[in-house]
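Biologist: Can you take me through this model? I would like to start with a pocket.

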Amino acid sequence: AVKALRFQGKTPLSAPLLQAAEALRHTEASATVVLVTDGIETCAAELRALLPPEGSVPLALNLHPQSLLDNSFRHTLLMALLRLGKRRAASLVIELNEGLVHRYLDALRAPLRELRLFGCQLAVDHAGQDVVSTHYIKEFELAYLKIHPSLVRDIARRPLNQLAVRSLAGGCGAQAPVLAGG
């Protein structure tokens, strides 16, 4: 089905997110929403409408680094965060894939610093899927690190995976919780 999609350029991000949040009843339980896009999303609606009530589970947006490197998208996102204010923006977690963070590391430094300055939290998912340097964990002050499911599947019988998970957890130290599922 994904191969049949025809990408038109900028994909409105808020409408599919709102639809998924309503279907998954996001105020009752946390959930993961995967959106298939062409990589350059736009902030069509106010982020305020997407954010959960203060004090509840933050909203995590999984973005492709190319979105953050697109000046138009980044400007729109930063303006939306500015309107929210730091306190409300802290309810938003921008998740990025570890392999892509590593690939675009130098180019992402400034955009990720801007997001932190505007109050956003940062997180990395699919950690440990590939062997990459983990110095970004401390550099970007991650809210959490999500380990790739293949690392924790049958972990009791996989000493190498146990070592990898311990290494990732040690790399985070007390700074960022390490989450695992799978």
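Modeller: Lining the second largest pocket are Glu98, Gly128, Asp130, Val131, Val132, Thr134, Leu151, Ala164, Ser167 and Leu168. On a 1 Å grid over the protein atoms alone, a pocket is an open set of points where a 1.4 Å probe fits, with protein on both sides within 12 Å along at least five of seven lines; lining residues have an atom within 4 Å of a point. This is a predicted model: local features need pLDDT of at least 70 and side-chain atom pairs pLDDT 80 or more, while totals for chains, interfaces and linings use all residues. Residues are numbered from 1 along each chain as its sequence is written, and side-chain values use heavy atoms, without hydrogens and water.

Biologist: Which helix gives the most to that lining?

Modeller: Helix H10, residues 159-172, with 3 residues. Helices here are DSSP runs (H or I, at least four residues), numbered from the N terminus.

Biologist: Switching to H4, which of its residues are buried?

Modeller: Phe73, Arg74, Leu77, Leu78, Ala80, Leu81 and Leu84. Buried means under 20% relative accessible area, and exposed over 50% (1.4 Å probe, protein chains only).

Biologist: How are they arranged around the axis?

Modeller: The buried residues of H4 fall within an arc of 160° seen down its axis, so they line one face. The arc is taken from the directions from the helix axis to the C-beta atoms.

Biologist: And what is exposed on the face turned away?

Modeller: Asn71 and Leu82.

Biologist: What follows H4?

Modeller: Glycine 85, with a positive phi near 90°.

Key
Helices (H or I, at least four residues) and strands (E, at least two) are DSSP runs, numbered from the N terminus.
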